[in-house]
Amino acid sequence: MAERTRAERALEPVGERGEDLGGGASPTSPTGKPPSAPGLRRLTAYGLAFLSILLGWQLASLFFPAYLIPTPTQVFLRLTRELGTRKFLFTIARSFVRLGIGFGIASLLGVVVGLASGVWGPFRRYSRALVSILQSIPPIAWVPLFIILLGFGDRPIILVIIISAFFPMAVSVMNAVEHVEPVHVDVARLMGASRLQLISKVYAPEVLPAIVTGGQVGFGNAWRSLIAAEMVGGVNIGLGWFITIAGEVADMAAVLAGIVVIGLFSAALDSWVLEHLKRRLLKWKYAV
Amino acid sequence: MEIRSLVETAELGRGEEAPSLLLAGANKGKIIVQELFKDFDSLRVLDGIHLEVGEGEFLALVGPSGCGKSTLLRMLAGLMKPSGGRVLIDGEEVRGPSPSRNLVFQEHALYPWRTVSQNVALGLEIFRFPPAEIRRRVKELLALVGLEGFDDYYPHQISGGMRQRAALARVLAVDPDVLFLDEPFGALDAMTRLTLQKELLRLWDHSGKTVVLVTHDVEEALYLADRVAIMSAVPGRIREIIRVKDPRPRDRGSASLVSLKRTVLDLLGLEPKFSQTIPAI
């Protein structure tokens, strides 16, 4: 049956994602409907993690003066005040626009390159070599070059995001295409499928789980690169910029407010939005 | 020693076969295989295959595993190029897959991401039939193979027997005139296998389709086929072709089938010699 390839597993970060793709019902929940029980457990886990972070933070703030580590309450008050200003909302929105464009382009390119190299042998060997060289460079290292080439602004940041999210997607799809069941391809060939139909009817649906995993890993990369690039990229709007500026004037409440926003958004996007998308796209895997 | 004698018998068998083949060709040869061989690197897996299958005939290929019977079937279907010789279907050389001939695989051939009805619809989608037409035909086909009501199940939710029924329906959807079956019931339990053999006969009867079945189950071959080709291994050759004259539906326990089974097993080298075993008792 549809097992994930080893490469896909390797690509996944350890933790929550690993447990659920294969098995449906959870053995530890004898009561209740199987689909909802893992969701509840996931929610509890997230709640506990959130609480422990708050607790650690609160403890740390007891030992340091407020101008170094403000308490969670102070930061949340500051955050609500910031969220009331247009400037802060624009800054968040701008970061998301950059993320959306960069991640979107990267995913599309990754899927195309992954599929193409899977279907066409010579291109696979070439792109594997290329990927192994380029993947080892941290995306943020490109920033100075891109700024000189493209000027200050959104473009170098988006390019860095593309680079950071492209490789996980391309590698994941490439590996998955190599593991497409040959019989599945033969079945479609026997029906007289064209090359394009082979891709749309066999390869694309069969590697969809890998696209989802590649997307999840790529999204994490994109998000980190976005913040890093905004911090060093010489822009004057965006979440990364907001934290850098606040740090320069030693406004720790603002720094922490920015960090909280980043943490909450990425956790929500990753564990909720992408998770739902995954379940929707891979409906057949979850059918009991 | 043994190997050489085997080869000699094989060549002898082939020599004798040629004239009888011509006689059997009362109905025109739908599939003609000439001098076919196949090498994987330096290993010859199939050697000098001659075969003729008549229009509407049901032929079974039996042989030990590794005799190249699946390879032969893949070449007949156009999924694999022969290293030499050729395959003619309807007088035309096979150079690739074609919708007019199709193959049912042993297992794992259904798409796990498609429901039963979506799987059956695959060929019709590739042919670009209108959606309404596809729905209508899929419904008919599911009824034909006894899968009504299972339209929306995914393959992993149904039994192995039902999966093979669905696989059969998917192939019948595009109405090929030549049907290749590669150990279609090999992974099923014994009882399901018997049921599906019967079903297969029901579907084939009066369809006019030419069928080539690859199996390692001698009884299955004798129960289903008009002729049974017995293969030997390394390199794969056709040793003997046996005609099964019993009218269908056949009685698996009838004296003629049992004796044919003994002959086939003997040819495969699997039947102990009675003259040797009886004195030992």
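A:D186 is buried, with a relative accessible area of 6%, where buried means under 20% relative accessible area, exposed over 50% and partly exposed in between, computed with a 1.4 Å probe and the protein chains only. The residue belongs to helix α8 of chain A, which spans residues 182-190; helices (H or I, at least four residues) and strands (E, at least two) are DSSP runs, numbered from the N terminus. Once its neighbours within four places in sequence are set aside, A:D186 is in contact with B:R74, B:L79 and B:F105, contact meaning heavy atoms within 4.5 Å.

This is a predicted model, in which local features need pLDDT of at least 70 and side-chain atom pairs count only at pLDDT 80 or more, while totals for chains, interfaces and linings use all residues. Residues are numbered from 1 along each chain as its sequence is written, chains are lettered from A and ligands numbered from 1 in the order in which they are written, and side-chain values use heavy atoms, with hydrogens and water left out.

On the chain B side, B:G78 is found in the loop between α2 (69-77) and β4 (84-89) of chain B. At 9% relative accessibility, B:G78 counts as buried. Not counting residues up to four places away in sequence, B:G78 touches A:R189 as well as B:V94, B:G96 and B:P97 of chain B.

Another loop residue of chain B, B:E55, lies between β2 (43-54) and β3 (58-62), and with a relative accessibility of 43% B:E55 counts as partly exposed. The C-alpha atom of B:E55 is separated by 7.8 Å from that of B:I31, and the two residues are 24 residues apart along the chain.

Taken as a whole, chain B contains 10 helices and 10 strands. Of its 281 residues, buried ones make up 50%, and among the contacts in chain B with a separation of 6 or more, residues 24 or more positions apart account for 68%.

Within chain B, helix α5 (residues 131-144) and helix α6 (residues 160-173) have axes that come within 9 Å and cross at roughly 135°. That angle makes α5(B) oblique to α6(B), since angles under 35 degrees count as roughly parallel, over 145 as roughly antiparallel, 65 to 115 as roughly perpendicular and the rest as oblique. The axes are lines fitted to C-alpha atoms, for helices over the stretch in contact, and angles run from 0 to 180 degrees between N-to-C directions. The crossing of α5(B) and α6(B) is right-handed, a crossing being right-handed if the near helix is turned clockwise from the far one by less than a right angle, and left-handed if anticlockwise. B:R137, B:L141 and B:L144 of α5(B) make the contact with B:A169, B:L172 and B:A173 of α6(B). By class, this contact of α5(B) with α6(B) has 5 nonpolar, no polar and 1 charged residues, where Ala, Val, Leu, Ile, Met, Phe, Trp, Tyr, Cys and Pro count as nonpolar, Asp, Glu, Lys and Arg as charged, and the others, Gly among them, as polar.

Chain A, by its element count, has 12 helices and 0 strands. Of its 288 residues, 46% count as buried, and 70% of the contacts in chain A between residues at least 6 apart in sequence join residues at least 24 apart. Chain A exposes about 15,000 Å², of which carbon and sulfur atoms supply 70%.

One helix pair of chain A is formed by α10 (residues 239-248) and α11 (residues 252-281), whose axes come within 8 Å and cross at roughly 160°. The two helices, α10(A) and α11(A), are therefore roughly antiparallel to each other, and α10(A) passes α11(A) in a left-handed crossing. The contact is made by A:L239, A:F242, A:I243, A:A246 and A:G247 of α10(A), and by A:A254, A:V255, A:G258, A:I259, A:V261 and A:I262 of α11(A). In terms of class, the contact of α10(A) with α11(A) has 9 nonpolar, 2 polar and no charged residues.

Finally, A:R224 has its place in helix α9 (residues 195-232) of chain A and is exposed, with a relative accessible area of 55%. The C-alpha atoms of A:R224 and A:S164, which are 60 residues apart along the chain, are separated by 8.8 Å.

Note on methods. Accessible areas come from the Shrake-Rupley method with a 1.4 Å probe; for residues, only the protein chains shown count as cover.
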